[in-house]
Amino acid sequence: MKTKATGLLGGVVFGFTLAWARLTDPRVIRDMLLLNEPHVFLIMGSAVAIAAIGVRVLKARGARCLVTGEAVGWSLERPATRHVTGSMLFALGWTVAGTCPGPVAAMIGEGRLVGVPVAVGLLAGVTLQRMLAPRKDVEAHMRAAAAAGL
Amino acid sequence: MVLGRCPWYIAGPMLGVVIVALRATANRPLGALGGYIDVAEHITRRSRLGFSAFLLAGIVIGGALFRLTIGASSPSPSYSGLLPADPILQLGILVVAGFAMGVGARAAGGCTSGHGLTGMSLGSPASIVAAMTFFGTAVWLAHVWAWLTGASL
């Protein structure tokens with residue numbers, strides 16, 4: 001239960017920040033992809049830089065999770081074909097909708113109901129992908145994702 | 001309270017801190033896609049909602065909190081100029097776009113937040129490949145689309 005509360009709280013800060021930085025505006029995403037403004041790249045770059053330092057400090061100090069008590073750690077995933085093909089298909093939807101799974105949730109929270117059809121499509125997509133994926137791929141994928149903590 | 005768009009040098013570090021905080025408290029990644037998978041499996045298989053679904057619910061609440069506080073007067077974006085104006089056609093395009101993202105991101109094991117932020121910060125080679133692929137493809141597609149429709153770049 002505490003883990004879920006942590007997720008909820010992290011999501012609230014994440015969603016608030018996405019909305020405040022206007023990443024919930026499809027026009028901002030389209031402008032980023034047209035390389036008209038560096039704003040979104042700078043947000044993502046600085047987020048990755050801060051997180052990269054932070055998680056390494058936690059790991060180096062042998063930190064234990066405040067809620068679960070487990071040691072902070074992760075394993076890395078090796079690239080496979082599905083990372084490329086899946087991401088290309090993802091990019092198609094991202095470019096057209098000008099939003100992606102995180103921002104569209106914050107968009108709906110803001111009362112912008114134009115995000116609802118995107119979320120419905122996402123739910124259908126994740127369900128159908130699992131139905132269509134070959135069995136052995138699914139199992140290998142689940143092991144890899146669990147190992148990477150994704 | 002009047003505050004404009006959050007500048008990148010505040011928003012970026014805030015997102016970075018969320019990633020570190022989730023790692024420090026629960027050793028879990030920040031990734032929105034897992035929430036959709038969690039919700040979809042809850043609907044189709046009656047599984048219990050876990051961390052990912054609560055994270056996704058939090059994102060919705062965060063967006064609502066923004067709207068109720070400092071975002072009360074923020075402009076409301078629509079897809080005018082980005083997608084065809086016909087409402088039914090627009091609805092169809094958005095569902096299909098969401099569907100493509102759902103299939104693609106699940107195959108790739110993550111989306112912009114899971115691979116692009118969390119996986120990149122952990123230095124996961126799969127995430128670096130995924131993020132380079134979706135950024136490269138999306139930048140290319142956006143330019144092709146703008147060229148085809150005659151929009152100014």
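A salt bridge here is a side-chain nitrogen of Lys or Arg within 4 Å of a carboxyl oxygen of Asp or Glu. With that in hand, welcome to the close-ups. This is a predicted model, in which local features need pLDDT of at least 70 and side-chain atom pairs count only at pLDDT 80 or more, while totals for chains, interfaces and linings use all residues. Residues are numbered from 1 along each chain as its sequence is written, chains are lettered from A and ligands numbered from 1 in the order in which they are written, and side-chain values use heavy atoms, with hydrogens and water left out.

**View 1. A:Glu110 and A:Arg112 pair up through their side chains in a salt bridge.** The N to O distance is 2.7 Å. Both A:Glu110 and A:Arg112 are buried, where buried means under 20% relative accessible area, exposed over 50% and partly exposed in between (1.4 Å probe, protein chains only). Look also at A:Gly111, which follows helix H5 of chain A and has a positive phi of about 90 degrees. Helices (H or I, at least four residues) and strands (E, at least two) are DSSP runs, numbered from the N terminus.

**View 2. Helix H5 of chain A, residues 101–109, is mostly covered.** Eight of its nine residues are buried. Among them are A:Pro101, A:Pro103, A:Val104 and A:Met107. A:Gly102 and A:Gly109 are buried as well.

**View 3. One salt bridge joins chain B to chain A.** Its partners are A:Glu37 and B:Arg5, whose closest N and O atoms are 3.6 Å apart. A:Glu37 sits in the loop between helix H2 (26–33) and H3 of chain A, and B:Arg5 lies in the segment before helix H1 (8–26) of chain B. B:Arg5 counts as partly exposed because its relative accessibility is 29%. Over all chains, the structure holds five salt bridges.

View 4. Contact means heavy atoms within 4.5 Å. B:Arg5, B:Tyr36 and B:Met101 supply 8% of the area that chain B buries against chain A, more than any other three residues. Across the interface, 27 residue pairs are in polar contact, both at pLDDT 80 or more. A polar contact is a pair of N or O atoms within 3.5 Å; within protein, one must be able to donate a hydrogen and the other to accept it, and residues adjacent in sequence count only if both atoms are side-chain atoms.

**View 5. The largest nonpolar core has 74 residues.** Such a core is a set of buried Ala, Val, Leu, Ile, Met, Phe, Trp, Tyr and Cys residues joined through side-chain atoms within 4.5 Å. The residues with the most contacts inside this core are A:Leu33, A:Phe90, A:Trp94, B:Ile59, B:Met101 and B:Leu117. Helix H3 (residues 39–60) of chain A gives the most to the core, eight residues. Zoom in on A:Leu33 and you will find that it touches A:Trp94, A:Thr95, B:Ala138, B:Val139, B:Ala142 and B:His143, leaving aside residues up to four places away in sequence.

**View 6. B:Glu41, B:Arg45 and B:Arg106 are linked in a salt-bridge network.** In the B:Glu41–B:Arg45 pair, the closest N and O atoms are 3.9 Å apart. Both residues belong to helix H2 (residues 33–45) of chain B and lie four residues apart, about one turn of the helix. An α-helix has 3.6 residues a turn, so residues three or four places apart point the same way. B:Arg45 counts as exposed because its relative accessibility is 56%.

View 7. A disulfide is a pair of cysteine sulfur atoms within 2.5 Å. The closest cysteine sulfur to that of B:Cys6 is in A:Cys100, 17 Å away, which is too far for a bond. B:Cys6 counts as buried, at 0% relative accessibility, and A:Cys65 is also buried, with a relative accessible area of 4%.

How values were computed:
Buried area is the accessible area (1.4 Å probe) that two parts lose on being put together, summed over both.
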